[in-house]
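The following note was prepared for a colleague who wishes to read the structure alongside its sequence. The points are numbered so that each may be taken up separately.

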Amino acid sequence: MYTHILIATDGSELAGRAVTTGLELAKALGAKVTAVTATEPWTVMLSGEPAALQFPIEAYEKAASESADRVLAEANSQAQQIGLACGMVHVTDFPAEGIVETARSKGCDLIVMASHGRRGLSKLLLGSQTTRVLTMSPVPVLICR
(Lines give C-alpha, C1' and ligand atoms only; values in the text may rest on other atoms or scores of the structure.)
Protein backbone atom coordinates (compact mmCIF):
# COMPACT_ATOMS: atom_id res chain seq x y z
CA MET A 1 0.00 0.00 0.00
CA TYR A 2 2.31 2.78 1.23
CA THR A 3 6.07 2.26 1.13
CA HIS A 4 7.48 5.61 2.32
CA ILE A 5 5.60 7.83 4.76
CA LEU A 6 6.51 11.46 5.37
CA ILE A 7 5.55 12.70 8.83
CA ALA A 8 5.39 16.48 9.22
CA THR A 9 5.86 17.89 12.70
CA ASP A 10 6.33 21.26 14.35
CA GLY A 11 6.83 19.87 17.84
CA SER A 12 3.34 20.77 19.06
CA GLU A 13 1.25 18.35 21.08
CA LEU A 14 -1.12 17.72 18.18
CA ALA A 15 1.79 17.16 15.80
CA GLY A 16 3.11 14.65 18.33
CA ARG A 17 -0.07 12.65 17.92
CA ALA A 18 0.44 12.73 14.15
CA VAL A 19 4.00 11.48 14.63
CA THR A 20 2.73 8.58 16.74
CA THR A 21 0.03 7.75 14.19
CA GLY A 22 2.45 7.93 11.27
CA LEU A 23 5.02 5.75 12.99
CA GLU A 24 2.44 3.14 13.98
CA LEU A 25 1.14 3.06 10.41
CA ALA A 26 4.66 2.72 9.02
CA LYS A 27 5.37 -0.13 11.43
CA ALA A 28 2.15 -1.94 10.48
CA LEU A 29 2.83 -1.55 6.75
CA GLY A 30 6.57 -2.16 6.88
CA ALA A 31 7.04 1.27 5.31
CA LYS A 32 10.06 3.54 5.38
CA VAL A 33 9.52 6.75 7.35
CA THR A 34 10.93 10.28 7.17
CA ALA A 35 10.14 13.10 9.58
CA VAL A 36 10.22 16.69 8.37
CA THR A 37 10.03 20.04 10.11
CA ALA A 38 10.08 23.42 8.44
CA THR A 39 11.49 26.76 9.48
CA GLU A 40 10.12 29.82 7.74
CA PRO A 41 12.76 31.84 5.91
CA TRP A 42 14.31 34.83 7.67
CA THR A 43 12.74 37.18 5.11
CA VAL A 44 9.30 36.27 6.45
CA MET A 45 10.37 37.45 9.86
CA LEU A 46 11.34 40.84 8.43
CA SER A 47 7.79 41.56 7.34
CA GLY A 48 6.64 41.52 10.96
CA GLU A 49 6.98 44.13 13.63
CA PRO A 50 10.00 46.47 13.72
CA ALA A 51 11.41 44.57 16.71
CA ALA A 52 12.14 41.65 14.36
CA LEU A 53 14.62 43.84 12.49
CA GLN A 54 16.77 44.02 15.61
CA PHE A 55 17.03 40.24 15.82
CA PRO A 56 20.25 39.15 14.04
CA ILE A 57 19.88 36.58 11.28
CA GLU A 58 22.59 34.38 12.81
CA ALA A 59 20.69 34.18 16.09
CA TYR A 60 17.47 33.36 14.24
CA GLU A 61 19.12 30.61 12.22
CA LYS A 62 20.80 29.14 15.31
CA ALA A 63 17.54 29.13 17.30
CA ALA A 64 15.66 27.63 14.36
CA SER A 65 18.25 24.90 13.91
CA GLU A 66 18.23 24.04 17.61
CA SER A 67 14.44 23.92 17.64
CA ALA A 68 14.35 21.70 14.54
CA ASP A 69 16.95 19.38 16.07
CA ARG A 70 14.77 18.99 19.20
CA VAL A 71 11.61 18.36 17.18
CA LEU A 72 13.26 15.80 14.90
CA ALA A 73 15.10 14.09 17.77
CA GLU A 74 11.76 13.50 19.50
CA ALA A 75 10.30 11.91 16.35
CA ASN A 76 13.43 9.80 15.92
CA SER A 77 13.28 8.69 19.55
CA GLN A 78 9.67 7.57 19.14
CA ALA A 79 10.63 5.67 15.98
CA GLN A 80 13.51 3.91 17.72
CA GLN A 81 11.23 2.88 20.59
CA ILE A 82 9.09 0.87 18.16
CA GLY A 83 12.03 -0.42 16.12
CA LEU A 84 11.87 1.89 13.10
CA ALA A 85 14.63 3.83 11.40
CA CYS A 86 13.53 7.41 10.79
CA GLY A 87 15.06 9.77 8.27
CA MET A 88 15.08 13.38 9.42
CA VAL A 89 14.79 16.51 7.29
CA HIS A 90 14.86 20.16 8.33
CA VAL A 91 13.82 22.52 5.54
CA THR A 92 13.96 26.30 5.45
CA ASP A 93 10.79 27.12 3.58
CA PHE A 94 7.17 27.92 4.20
CA PRO A 95 5.81 24.83 5.97
CA ALA A 96 3.39 23.62 3.29
CA GLU A 97 5.84 24.11 0.45
CA GLY A 98 8.63 22.46 2.42
CA ILE A 99 6.48 19.47 3.31
CA VAL A 100 5.26 18.91 -0.26
CA GLU A 101 8.74 19.37 -1.77
CA THR A 102 10.25 16.97 0.75
CA ALA A 103 7.60 14.37 -0.10
CA ARG A 104 8.46 14.76 -3.79
CA SER A 105 12.23 14.71 -3.36
CA LYS A 106 12.20 11.72 -1.00
CA GLY A 107 9.71 9.71 -3.06
CA CYS A 108 7.12 9.55 -0.28
CA ASP A 109 3.71 8.15 -1.15
CA LEU A 110 1.82 9.41 1.93
CA ILE A 111 2.06 12.52 4.11
CA VAL A 112 0.91 12.35 7.72
CA MET A 113 0.39 15.63 9.57
CA ALA A 114 -1.69 17.38 12.20
CA SER A 115 -4.86 19.26 11.37
CA HIS A 116 -3.25 22.48 12.53
CA GLY A 117 0.00 23.63 14.06
CA ARG A 118 1.14 26.13 16.57
CA ARG A 119 -0.51 28.96 14.67
CA GLY A 120 -3.92 27.33 14.42
CA LEU A 121 -6.58 29.85 15.43
CA SER A 122 -9.38 27.37 15.84
CA LYS A 123 -9.32 23.72 16.85
CA LEU A 124 -12.43 23.22 14.76
CA LEU A 125 -10.92 24.25 11.43
CA LEU A 126 -8.00 23.01 9.40
CA GLY A 127 -4.92 25.18 9.71
CA SER A 128 -3.76 27.24 6.75
CA GLN A 129 -0.62 25.15 6.21
CA THR A 130 -2.60 21.91 6.35
CA THR A 131 -5.05 23.26 3.79
CA ARG A 132 -2.14 24.26 1.53
CA VAL A 133 -0.57 20.81 1.79
CA LEU A 134 -3.91 19.22 0.91
CA THR A 135 -4.27 21.38 -2.19
CA MET A 136 -0.64 21.10 -3.37
CA SER A 137 0.25 17.49 -2.53
CA PRO A 138 0.65 14.99 -5.34
CA VAL A 139 0.20 12.13 -2.83
CA PRO A 140 -2.49 11.28 -0.26
CA VAL A 141 -2.45 13.19 3.03
CA LEU A 142 -3.59 11.72 6.33
CA ILE A 143 -4.73 14.47 8.69
CA CYS A 144 -4.63 13.73 12.42
CA ARG A 145 -6.71 15.59 15.01
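**Notes on the predicted model**

1. Overall composition. The chain contains five helices and five strands. The model is a predicted one, and the remarks below should be read accordingly. Starting at the N terminus, the elements follow the order β-α-β-α-α-β-α-β-α-β.

2. Of the 145 residues in the chain, 41% are buried. The accessible surface amounts to about 8,000 Å², and carbon and sulfur atoms contribute 56% of that surface.

3. Packing of α1 with α3. Helix α1 spans residues 13–29, and helix α3 spans residues 57–81. The two helices pack at an angle of about 35°, and their axes are 10 Å apart. The crossing of α1 and α3 is right-handed. On the α1 side, the contact is formed by G16, V19, T20 and L23; on the α3 side, A75, Q78 and A79 take part. Sorted by class, these residues comprise four nonpolar and three polar, with no charged residues.

4. L23 is one of the α1 residues in the contact with α3.

5. V71 in helix α3. V71 also belongs to helix α3. Its relative accessibility is 10%, so V71 counts as buried under the 20% cut-off. Which residues does V71 contact, leaving aside its neighbours within four places in sequence? They are T9, D10, G11 and T37.

6. I57 and W42. I57 lies in helix α3, whereas W42 lies in helix α2, which covers residues 42–46. I57 is partly exposed, because its relative accessible area of 31% falls between the limits of 20% and 50%. W42, at 16% relative accessibility, is buried. The C-alpha atoms of I57 and W42 are separated by 6.9 Å, and the two residues are 15 residues apart along the chain. W42 may also be placed relative to D93: these two are 51 residues apart in sequence and 9.4 Å apart in space, C-alpha to C-alpha.

7. Packing of α4 with α5. Helix α4 comprises residues 95–106, and helix α5 comprises residues 128–136. They pack at an angle of about 35°, with 8 Å between their axes, and the crossing is right-handed. Helix α4 contributes P95, A96, E97, I99, V100 and R104 to the contact, while helix α5 contributes Q129, R132, V133 and M136. These residues divide into six nonpolar, one polar and three charged.

8. T102 in helix α4. T102 is located in helix α4. Its relative accessible area is 3%, which means that T102 is buried, the cut-off being under 20%. Not counting residues up to four places away in sequence, T102 touches L6, V36, V89 and V91.

9. Cysteines. How many disulfides does a search of the whole structure find? The search finds zero. A disulfide is a covalent bond between the sulfur atoms of two cysteines. C86 has a relative accessibility of 11% and is therefore classed as buried. C108, at 6% relative accessibility, is likewise buried.

Notes: Residues numbered from 1 in each chain as written. Predicted model: local features only at pLDDT ≥ 70, side-chain atom pairs only at ≥ 80, totals over all residues. Heavy atoms only, no water. Helix = DSSP H or I, 4+ residues; strand = E, 2+ residues; numbered from the N terminus. Buried < 20%, exposed > 50% of the residue type's maximum accessible area, 1.4 Å probe, protein only. Areas by Shrake-Rupley, 256 points an atom, 1.4 Å probe, with all protein chains shown as cover. Axes fitted to C-alpha atoms, helices over the stretch in contact; angles between N-to-C directions. Left-handed = near helix turned anticlockwise from the far one by under 90°. Contact = heavy atoms within 4.5 Å. Nonpolar A, V, L, I, M, F, W, Y, C, P; charged D, E, K, R; others polar. Disulfide = S-S within 2.5 Å.
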